[in-house]
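Please read the following note alongside the model shown here.

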Amino acid sequence: MTTASRLHYASLLEVGDQIRARELSPVELTKATLMRIERLNPALGAYYTVFDEAALAEARQAESEIAKGEWRGSLHGVPIAFKDLYSLGRTTAGSRLLADHVATREAAAVTRARAAGAVVVGKLATHEFAMAAATLSDHFPPARNPWDPDRTPGGSSTGAGVAVAAGLAYGAFGTDTGGSIRLPASHCGVVGYKPTYGLISLAGVIPLAPTLDHAGPLARTVADATAMFAAVCGHDPDDPRSSALQIVVGQEDLAGGIRGLRIGVPRDFWEVTCDPAIRTNFEAALVQLEEMGAQVSESPLGLTLLQVMAVGYVITLKEAAAYQLPNLRSRPGEVGREFGLAMRAGLLVPDGAYHAALKARALIVREVDRLLQAHDVLAMPTVGVLPDPLPAGPRRLSRRITVSPAPQYTWLANVHGGPAVSVPCGPAPDGLPTGLSLMGRSYDDATVLRAARAYEQAAGWGEMRSELFP
Amino acid sequence: MTDSTEENEQALTKRLDELGVNIDSDQVQELAEAYPALLEWMRIARELAEA
């Protein structure tokens, strides 16, 4: 482990400031990023597609505009990337089914990022349709964890976590249905931010489960994630899920610290399923938050992880299977084994069970809202296990559909819909990263980001980089 | 394979077939293995919905 200060590990805002001041050339920065991708991507598998020429053209345009005094904002001239669910050029969703699919229309978030001046360097690896776990025998080679390339980087935004953690982009946009931004953020030692449902348009993003899907950034700092969110958020009439509420979070909202902030800890929800090493880091984070002036207190949720994950998965499987039904009928041989089996399971969910799950979801929302009346944010580990070794082949379906599921505490914020951030929480004894998750009231993204920023700055774990990829 | 397991696999195959979706015999074994947990998830959701 090392503390890095190299340009490829600089924050998005640092390089953005240098670009604005014309101390750093977007063209040179993009060239350097493309060279690092060319050198490291064969080992890490973060990118499916790299836009060498198009990225350089965007960088040249940015450089020209900035030279004329037409600076568009923090992302202007900065190389970023998108998960391969966002429609842009070849868009595969990590599936052989779409291996040759070229999007005819760009995802709204891509268009907005480009309008903010971002240089889009490529498309990033994903679990198949944001669900099936990556394996060594997949159609597309799996992304690998920079801290231990034999292990998963977490998913489903696998490439996004890897690209940000290994200095192959200054930020990346992922998607999150049950934790797919925050899980790779935790496993790769970076920041992952799932905004309140509906604040970033999903128009042009291949869906998994439309009522649970979210778009959001992965970045090396909370401030970077906030800047990325600010660049693409806002109502989109092309996305029926898009919120009419205009919530913008700026850098000024991150200031002020957390003195007096009320942090609730719903220990009954996560503790019994959590790896002791992860729990140790979490307890240290709570001590640190208290020392910073936060009021930390126990806050039982009254719901188990299994209850929340069961509700989330029943909804996800039913909605995803409905979307995939034409593919399952006409091209079953091109769907991966785990994903195809999960979708068949989804087809076996009766309408009545789906509607019951939606009703149960409303109860979960009420219970979380009850806690958030007494607390400003809720804290828990992001995930209760360290990253697994990449499996040789597809996992059995019973690894996913089980009454003892992998402890992904992230599901709570998806089912609830409020904002959640995972920030680095220090390494486990074997050096693998862990994550602290903070979630809050719907549309109060600013408070969650402010708390995450304060912890990040005090703890400093986000400065750590893998020695394998200096 | 017990009779009940075989019956279960046949029932799952039939339900998928009615939706126009095929499943291989080795895959239906795997689906049948996970199916009790799926039923439990649905039971949990119903129980919460009625709470």
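The points below go from the overall chain to individual salt bridges.

1. This is a predicted model, in which local features need pLDDT of at least 70, side-chain atom pairs count only at pLDDT 80 or more, and totals for chains, interfaces and linings use all residues. Residues are numbered from 1 along each chain as its sequence is written, and side-chain values use heavy atoms, leaving out hydrogens and water.

2. Over all chains, 29 salt bridges are found, each defined as a side-chain nitrogen of Lys or Arg within 4 Å of a carboxyl oxygen of Asp or Glu. Arg262(A), Asp376(A), Arg441(A) and Asp444(A) are linked in a network of such bridges.

3. Glu338(A) pairs with Arg395(A) in a salt bridge, with the closest N and O atoms 3.3 Å apart. The two residues lie 57 residues apart, Glu338(A) in helix H11 and Arg395(A) in the loop between strand S10 and helix H13, helices (H or I, at least four residues) and strands (E, at least two) being DSSP runs numbered from the N terminus. Glu338(A) counts as buried at 4% relative accessibility, and Arg395(A) is buried at 19%.

Technical notes: Chains are lettered from A and ligands numbered from 1 in the order in which they are written. Buried means under 20% relative accessible area, exposed over 50%, partly exposed in between (1.4 Å probe, protein chains only).
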